[in-house]
Amino acid sequence: MALNHLTLSLQFARSDDTAAHRAVLPRHKVARWIRHALAQDAEITVRIVGEDEGRQLNRDYRHKDYATNVLTFDYTQEPVVTADLVLCAPVVEREAREQNKSLEEHYAHLLVHGTLHAQGWDHETSEQDAQEMEAYETSILQELGYADPYAP
């Protein structure tokens, strides 16, 4: 399967646990996960942030006063997808633990999820859209060797 071209910027905000997150997010894995979710070429910045920055961004842009796992800032979808994906490390780590997943597995899922959002996929528009997006995410993650992220 030919994968689309990706220009990737990978950033880590300074925090006490940055090393642990860097260890599970080597550039080649992040690029692989995102490229498997791309329908066309892309320029994407991935930023791993702490709780304060995650909460501030969610409050400023979504008017929700809490840190969420992934925020997608999509700028263009054609001719090239351009987007920023912001993942809140403490939230991702907590969710992985609660869902009995490895940190790597959860990051892979959230990066695929955010990449689909950057291309116009939206699970909040209808139940059918949510089911279609979940099925596509599952298919991509299984291609990558991960389990269904939505399985109970």
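Leaving aside residues up to four places away in sequence, H117 touches T72, D74, Q77, D122, H123 and M133 (contact means heavy atoms within 4.5 Å). This is a predicted model, where local features need pLDDT of at least 70, side-chain atom pairs count only at pLDDT 80 or more, and totals for chains, interfaces and linings use all residues. Residues are numbered from 1 along each chain as its sequence is written, and side-chain values use heavy atoms, with hydrogens and water left out.

**More on H117**

- You'll find H117 in helix α5; helices (H or I, at least four residues) and strands (E, at least two) are DSSP runs, numbered from the N terminus.
- H117 counts as buried because its relative accessibility is 19%, and buried means under 20% relative accessible area, exposed over 50%, partly exposed in between (1.4 Å probe, protein chains only).

**How the empty space is found**

- Rolling a probe the size of a water molecule over the atoms shows where empty space is left.
- On a 1 Å grid over the protein atoms alone, a cavity is a set of points where a 1.4 Å probe fits but cannot get out, while a pocket is an open set with protein on both sides within 12 Å along at least five of seven lines.
- Lining residues have an atom within 4 Å of a point.
- Points are joined across faces, edges and corners, and a volume is the space filled by probe spheres set on them.

**The largest pocket**

- The largest pocket has a volume of about 420 Å³.
- It is lined by 17 residues, and R62, V70, T72, H117 and E124 are the closest to its centre.
- Two or more lining residues come from each of α3 (51-62), β3 (70-76) and α5 (103-118).
- β3 gives the most, with 5 residues.
- By class, this lining has 6 nonpolar, 7 polar and 4 charged residues (Ala, Val, Leu, Ile, Met, Phe, Trp, Tyr, Cys and Pro are nonpolar, Asp, Glu, Lys and Arg charged, and the others, Gly among them, polar).

**The cavities**

- There are 2 cavities of 30 Å³ or more in the structure.
- The largest cavity comes to about 60 Å³.
- Its lining is made of F12, A13, S15, D17, T18, H21, I48, V49, G50 and A89, with α1 (18-24) and β2 (42-49) each giving two or more residues.
- That lining splits into 5 nonpolar, 4 polar and 1 charged.
- The second largest cavity has a volume of about 30 Å³, and its lining residues are K101, E105, H109, L141, Y146, A147 and P149.
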